[in-house]
Amino acid sequence: MAALIAENFRFLSLFFKSKDVMIFNGLVALGTVGSEELFSVVAFNCPCSPARNYIYGLAAIGVPALALFLIGVIWNNHTWNLVAECHKRGTKNFSAAATFLLFGSIMGRAAVAPVTWSVISLLRGEAYICALSEFVRPSSLDKFPAEYGAEMLARFPCRDEPANLTKFREEVTRRLRYESQLFGWLLIGIVAVLIFLTKCLKHCCSPLSYRQEAYWAQYRSNEDKLFRRTAEVHSRILAANNVKQFFGFVALDKEEKELVQEFPVEGVQPSPQWNAITGVYIYRENKGFPLYSRLHKWAKGVEGNGPSPEGHEMLFLAS
């Protein structure tokens, strides 16, 4: 049992597998900051009306964050690998902990942009002030005129108040901006602590040495680049052959003619081969030799995805 738990904890390396992931997350965060700034300048316009302020302010923070989160889930390769895995093989090869941490990887990477959006929104404070200005208790404001209530407080974000209430608007704005920025800094601190703990656990629980993990990352990157490049050429040549068979000739430019002559394509790969190299890959070793991807495993003729007497499943997910 202890060994199984230790194996499952190795899935914690899902989150920050390589420097490429960190760079990608940084670019996502920077893009989100720019988008939030543009949104605040161009689109944000508090209605300054009771009941509407709260809905609008929360929507300004939450709806873009939700959209960014869903986009992050869609763009994550793990999402579609998991879908393919469940469709073709089910989840029988994964323990509950492995499945949970796989979802955690997808959710964690998808959360980069929405968390950045929320932090910037809270640090700016406009949406928070718009949402909560009407809920400030008039009794908490020294000498606030009794004839004014929540309706007047809701107009404060628009600076639409009588002259005698200007100092109260400034106090309410300062108080809410303080609360908003405090929540923003707390969110930054919580995320930083989680990232630190994840990095520590990742290095502690990784079954691979630092150099082998770096090699594995390079292999996956090179395999992906070569596969995409080869697939593009293969599909172009196959399309050219089919067009030529239909029309009797095919109009190719010089580069395409050279490709057709250099790389003859006789047919297409059968569906079982595509299924074999598609899906979630868990790092495994066969007779002491590592298998770095589903394509690598297929090329070596290793069957199945679970542990066997000749292979050892390390429960370490490829990104």
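Modeller: Happy to! Let's start from the record: an unreviewed UniProt entry lists residues 21-42, 54-75, 96-117 and 182-201 under "transmembrane region", with positions in the numbering used here, feature names shortened, and annotations that may be inferred rather than shown by experiment. This is a predicted model, so local features need pLDDT of at least 70 and side-chain atom pairs count only at pLDDT 80 or more, while totals for chains, interfaces and linings use all residues. Residues are numbered from 1 along each chain as its sequence is written, and side-chain values use heavy atoms, with hydrogens and water left out.

The span 182-201 is 100% helix and 0% strand, with end C-alpha atoms 29 Å apart. Helix α9 covers residues 166-205; helices here are DSSP runs (H or I, at least four residues), numbered from the N terminus. Its 40 residues should span 58 Å at 1.5 Å a residue, and the end C-alpha atoms are 58 Å apart, which agrees; the expected span is 1.5 Å times one less than the number of residues.

Buried residues of α9 include F168, R169, V172 and L176 (under 20% relative accessible area, 1.4 Å probe, protein chains only). V172 is also, with F144 and F156, among the residues touching the most other members of the largest nonpolar core, which has 20 residues (buried Ala, Val, Leu, Ile, Met, Phe, Trp, Tyr and Cys joined through side-chain atoms within 4.5 Å). Two or more residues of this core come from each of α3, α7, α8 and α9, and α7 gives the most, with four. Leaving aside neighbours within four places in sequence, F156 is in contact (heavy atoms within 4.5 Å) with F144, E161, L165, F168, R169 and V172.

Methods. Buried < 20%, exposed > 50% of the residue type's maximum accessible area, 1.4 Å probe, protein only.
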